[in-house]
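Hi,

Here is the structure I promised to pass on. Have a look at it first, and my notes follow below.

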Amino acid sequence: MTNHSNFLLSSSSISNDGVVNATGDELGQIEDLMIDPVTGRVDYAVLSFGGFLGIGDKYFAVPFDQLAVDRENKRMVLDVDRERLKQAPG
């Protein structure tokens, strides 16, 4: 895994990337990025979780600095337990 500050990624290359936790459990996928228009900094990634084919998904704003990039598997890693997201309000 790589810290995302060591290289650049386009927003289109991150959109729809899968998100897993440190143990490899699937958490969902990146739906969008929230960019501060003043600083140009990506503040949050929108994570869709649960549901089926986009129906019943919960969405979470995840601080972008909480995500690590797994370049080898083209996915993002978030250190959170799947059950925690399952129980949390979206």
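Before anything else, please keep in mind that this is a predicted model.

I started with N21, which sits in the loop between β1 (18–20) and β2 (26–35). Is N21 buried or exposed? With a relative accessibility of 5%, N21 is buried, because the cut-off for that label is anything under 20%. Its side chain makes a polar contact with the side chain of T23, at 2.8 Å. If you skip residues up to four places away in sequence, N21 also touches L27, V77, L78, V80, D81 and R82.

Next up is S48, in strand β3 (residues 42–49). S48 counts as buried too, with 5% relative accessibility. Which side chain does S48 pair with in a polar contact? That would be E31, and the contact is 2.9 Å. E31 also turns up among the residues S48 is in contact with once neighbours within four places in sequence are set aside; the others on that list are L27, G28, Q29, D57, K58 and Y59.

In general, a pair of rings is described by how far apart the centres are and by the angle of the planes. The count here is 1 aromatic pair. The pair is F49 with F60, in an edge-to-face arrangement, with 6.3 Å from centre to centre and 65° between the planes. Since F49 belongs to strand β3 and F60 to strand β4 (residues 58–63), the pair ties together parts that are 11 residues apart in sequence. As for burial, F49 has a relative accessible area of 4% and is buried, and F60 counts as buried at 12%.

Finally, the chain as a whole. It has 2 helices and 6 strands, and along the sequence they come in the order α-β-β-β-β-β-β-α. How much of the chain is buried? Of its 90 residues, 29% fall in that class. Among contacts with a separation of 6 or more, 41% are between residues 24 or more positions apart. The accessible surface is about 6000 Å², and carbon and sulfur atoms make up 50% of that.

Cheers

Technical notes
Residues numbered from 1 in each chain as written. Predicted model: local features only at pLDDT ≥ 70, side-chain atom pairs only at ≥ 80, totals over all residues. Heavy atoms only, no water. Helix = DSSP H or I, 4+ residues; strand = E, 2+ residues; numbered from the N terminus. Buried < 20%, exposed > 50% of the residue type's maximum accessible area, 1.4 Å probe, protein only. Polar contact = N/O pair within 3.5 Å; in protein donor to acceptor, adjacent residues only side chain to side chain. Contact = heavy atoms within 4.5 Å. Areas by Shrake-Rupley, 256 points an atom, 1.4 Å probe, with all protein chains shown as cover. Phe/Tyr/Trp six-rings, centres within 6.5 Å; stacked < 30°, edge-to-face > 60°.
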